[in-house]
Amino acid sequence: MAQATAPSSRFISGFGVQVLVGMVAGLALGLLARRLGVGEGQAGHALAETLHQVGSIFIQLLRVLVPPLVFTAIVASIANLRELQNAARLVWKTLLWFAITALIAVAIGITLGVTLQPGAHAALDAAAAAAPRTNGSWLDFLTSLVPSNILGLNASTKVGEAGASTSLSFNVLQILVIALAAGIAALRVGPAGEGFLAFNASALAVVRKVLSWVIRLTPIGTVGLLGNAVAQYGWTTLGQLGAFTGAIYLGLALVLFVVYPILLAAHGLNPLKFFASAWPAIQLAFVSRSSIGTLPVTETVTEGGLGVPRAYAAFAVPLGATTKMDGCAAIYPALSAIFIAQFYHLPLELTDYALIVAVSVLGSAATAGLTGATVMLTLTLSTLGLPLEGAGLLLAIDPILDMGRTAVNVAGQALVPTLVAKQEGILDQTAYDAAAGVAPAVSQEGGAVTQS
């Protein structure tokens with residue numbers, strides 16, 4: 001099986017430096033805009049709007065490629081998995097490691113919540129709490145698994161003063177279900193499905209080529225994304241929720257820089273080399289706050305830098321981008337639920353902590369089926385019987401928290417395929433040990449990362 005070739009370290013380090021420079025420039029421009037004032041008519045308004053537009057356009061370019069990428073990658077991976085004798089075992093081990101790492105993450109969240117008691121140190125007015133507009137439930141999650149149309153599209157209409165407007169969005173979980181069904185059906189029909197699989201392979205190569213052009217814009221997108229976050233939210237919003245924010249980022253740091261390295265070392269893999277290759281995806285996840293938007297980069301670094309076979313990575317990474325969320329679906333809802341219980345002086349029993357664990361491990365996909373970490377939090381709160389209004393207390397700083405959460409999500413989405421590939425003896429150890437990272441380029445043939 002062809003493996004992605006490792007690009008030169010010079011080219012990779014150059015791209016990493018460009019992204020780092022973009023982060024520094026974004027931080028500086030965001031602080032400048034905030035100092036000048038970002039309100040209408042203030043001196044920094046134009047700069048803030050420019051940063052917002054640059055970041056939004058970059059994320060839009062990434063997201064527009066996600067539906068065709070997820071569909072074609074999943075179908076192609078199912079076709080390629082037939083070449084592997086242990087395909088079924090790869091799938092089950094992937095799901096098992098998803099659950100294991102989520103269990104560890106939620107355990108850390110609960111431990112920090114009980115130990116640090118952030119809810120007891122919050123200087124907030126309970127009267128300001130309001131239930132979020134988007135709530136999660138198990139029924140919504142189950143419903144979201146059933147495709148409403150062949151494209152996995154959702155339509156929503158809003159009526160305002162200017163009239164009614166309709167917007168379309170895609171449901172990644174539904175696209176995943178459709179792709180799984182199409183890929184399996186193509187294999188089951190035998191020769192009649194070969195034409196479809198060949199067309200899908202060509203489409204995947206085209207999508208990969210286009211996304212390689214978009215990924216090259218990452219340094220520019222980083223300036224807009226990080227600059228906009230700083231300009232809009234700054235650091236003063238953390239004041240009243242400092243203990244909670246600190247607990248969240250401490251938990252995220254423990255998972256990213258302690259738990260993940262321990263798991264890698266236990267499998268005989270050098271953690272530093274993992275981060276050297278996966279860092280472009282982690283960086284982009286931090287500034288973009290989107291696992292789905294980062295999916296093209298995550299898949300590229302997993303194949304090209306970490307040495308995971310394309311046939312397996314093309315399945316595991318898109319699956320992870322929709323269901324593997326140690327930050328949004330494990331640490332955050334666990335700590336937040338404990339925070340809210342402490343804030344309202346509601347005691348939690350041992351059974352409540354068990355429910356937090358169960359919801360975090362089993363309900364991660366609800367985050368992908370609906371919208372964001374708030375859905376996972378409200379799902380946890382409703383399961384525990386805690387007031388949903390408590391979630392409204394945390395919305396003011398959610399964008400700042402979401403940066404760290406998404407970075408951990410994406411790191412885990414690259415970690416699990418690496419661990420499973422190592423266990424199954426299919427990891428390209430030479431590519432992994434090279435630790436040169438992955439350039440923002442994909443070959444026209446659809447897989448090998450090249451120096452352009």
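**Buried residues and a helix pair**

Biologist: Is Ser 291 buried or exposed?

Modeller: This is a predicted model. The relative accessibility of Ser 291 comes to 8%. The cut-off for buried is under 20%. Ser 291 therefore counts as buried.

Biologist: Which helix holds Ser 291?

Modeller: Take the residue range. The helix spans residues 291–304, and Ser 291 lies in it. That helix is α10.

Biologist: Which side chain makes a polar contact with that of Ser 291?

Modeller: Leave aside neighbours within four places in sequence. Ser 291 is then in contact with Ala 321, Thr 406, Asn 409, Val 410 and Gln 413. One of these partners also makes a side-chain polar contact with Ser 291, at 3.5 Å. The partner is Gln 413.

Biologist: What is the relative accessible area of Ala 314?

Modeller: Ala 314 is found in helix α11, residues 310–323. Buried means under 20% relative accessible area. Ala 314 is buried, because its value is 3%.

Biologist: How far apart in space are Ala 314 and Ile 74, C-alpha to C-alpha?

Modeller: In sequence, 240 residues separate the two. The C-alpha separation is 6.3 Å.

Biologist: Are α3 and α12 roughly parallel or roughly antiparallel?

Modeller: Helix α3 covers residues 87–116 and helix α12 covers residues 327–343. Their axes lie 7 Å apart, at an angle of about 25 degrees. Angles under 35 degrees count as roughly parallel. The two helices, α3 and α12, are therefore roughly parallel.

Biologist: How many charged residues are in the contact of α3 with α12?

Modeller: On the α3 side, the residues include Ala 102, Val 106, Gly 109 and Ile 110. Among those in α12 are Ala 330, Ile 331, Leu 335 and Gln 342. By class, the contact has 11 nonpolar and three polar residues. The number of charged residues is none.

Biologist: What handedness does the crossing of α3 and α12 have?

Modeller: The angle between the two helices is about 25 degrees. As α3 passes α12, the crossing is right-handed.

Biologist: What share of the residues in the protein chain is buried?

Modeller: The secondary structure comes to 18 helices and two strands. Of the contacts with a separation of 6 or more, 83% join residues 24 or more positions apart. The chain has 452 residues, and the buried share is 54%.

Definitions and conventions
Residues numbered from 1 in each chain as written. Predicted model: local features only at pLDDT ≥ 70, side-chain atom pairs only at ≥ 80, totals over all residues. Heavy atoms only, no water. Axes fitted to C-alpha atoms, helices over the stretch in contact; angles between N-to-C directions. Helix = DSSP H or I, 4+ residues; strand = E, 2+ residues; numbered from the N terminus. Parallel < 35°, antiparallel > 145°, perpendicular 65-115°, else oblique. Left-handed = near helix turned anticlockwise from the far one by under 90°. Contact = heavy atoms within 4.5 Å. Nonpolar A, V, L, I, M, F, W, Y, C, P; charged D, E, K, R; others polar. Buried < 20%, exposed > 50% of the residue type's maximum accessible area, 1.4 Å probe, protein only. Polar contact = N/O pair within 3.5 Å; in protein donor to acceptor, adjacent residues only side chain to side chain.
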